[in-house]
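Hello,

Here is the structure I promised to pass on to you. Please open it alongside this note, and my findings follow below.

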Amino acid sequence: MTQEKNIMEYETVALDDDKDALVILDQTKLPGCAQLVSLHTGEEIWDAIYLLKVRGAPAIGVAAAFGIYLLAKKIKTEDYDVFYEEFCKQKAYLNSARPTAVNLSWALNRMEQVCIANKALSVAEIKEKLREESIALKEEDIQVCKSIGEHGLTLVKPGDGILTHCNAGQLATCKYGTATAPIYLGQERGYNFRVFADETRPLLQGARLTAYELQSSGVDVTLICDNMSATVMRNGWVNAVFVGCDRVAANGDTANKIGTSVVATVAKRYNVPVYICAPTSTIDMDTPTGADITIEQRPAHEVTDMWYEKPMAPAGVKVFNPAFDVTDHDLIAGIVTEYGIARAPYRESLKEIFEKKQAANNA
């Protein structure tokens, strides 16, 4: 389909239960074409996650929840043990698509707990519980992002310049985004932020997605190459950096799109605070430090060929293409969650965030 409406009116991830389909907005086609794709098989869902047709930690989590529900729906048995064994096979397969983004495994584990908790029910009833849980997960994502935006908005003032890297916007979630949530809420309230979006080599998510969605929303956005961040900070045009995250370690180290650690290092030099916008589902207290995070390695052609009519590198040259890098916790001014802002020392403050979450869940 061709684009007929503002990109912000499209759902990033949706469930078409009647057609047994996970429907995604194919982000590899943006900004040139808004194309909705219906996914039916485990292979199609796995490919969509791996090939970044659906991307961004929260959106990946929601897609995984819808995906595993649809795959479970197809399991033809009334025997719980047979059903659960096949469910776990499908879960493990989907979980292998992206190793760094913790939301993928988090969402799949949450769906598995539905199976375990409802073992006494019929398989048909378990499938219905899985459907309900997947829908709830999407609705929660919207509320989580809005809450992150409210907390993030307290860190800036009207007219501020904000720099962001990669895409942690609405296209990476179900609404608002994480790093862009303060920007969108500020836009609604007349804050008139000036936003600088890094292009984000090699996959250009900042150019293709962040600049696109912010411009479509009427935000004052300026696209810059990744190596221009020091210049705009030195010029005094940036008051804060907001970025998303694919995994937060227990000590506050964070894994985000490659280049984030460069931005954070430069920001430290120019006394610009760096804020990581991360739902608690992205915080992995079982990962001690950033050194323990598995970093996904991507194909060489993303660097040498992908955006060029002809290859722009010598044939056969070695390519190092990690999808993410780790930003050390001492470069981070705060981690913005739906339950508040964690600050150093992060081992203590992140535990306090989870205590707040537990208290809210028990209320």
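What follows is a short tour of some aromatic rings and one aspartate.

This is a predicted model, so local features need pLDDT of at least 70 and side-chain atom pairs count only at pLDDT 80 or more, while totals for chains, interfaces and linings use all residues. Residues are numbered from 1 along each chain as its sequence is written, and side-chain values use heavy atoms, with hydrogens and water left out.

A search of the whole structure finds seven aromatic pairs (rings of Phe, Tyr and Trp, its six-membered ring, with centres within 6.5 Å). One of them is tryptophan 46 with tyrosine 93: the centres are 6.1 Å apart and the planes meet at 20°, so this pair is stacked (planes under 30 degrees apart). Tryptophan 46 belongs to helix H1 and tyrosine 93 to helix H3, 47 residues apart (helices are DSSP runs, H or I, of at least four residues, numbered from the N terminus). Tryptophan 46 is buried at 19% relative accessible area, whereas tyrosine 93 is partly exposed at 29% (buried means under 20%, exposed over 50%, partly exposed in between, with a 1.4 Å probe and protein chains only).

Ring pairs also join Tyr50 to Trp46 and Tyr93 in a cluster.

Aspartate 160 sits in the loop between helix H5 and strand E4 (strands, E, are DSSP runs of at least two residues). Aspartate 160 is buried, at 6% relative accessibility.

Happy browsing!

How values were computed
Rings of Phe, Tyr and Trp (its six-membered ring) pair if their centres lie within 6.5 Å; planes under 30 degrees apart count as stacked, over 60 as edge-to-face and the rest as tilted.
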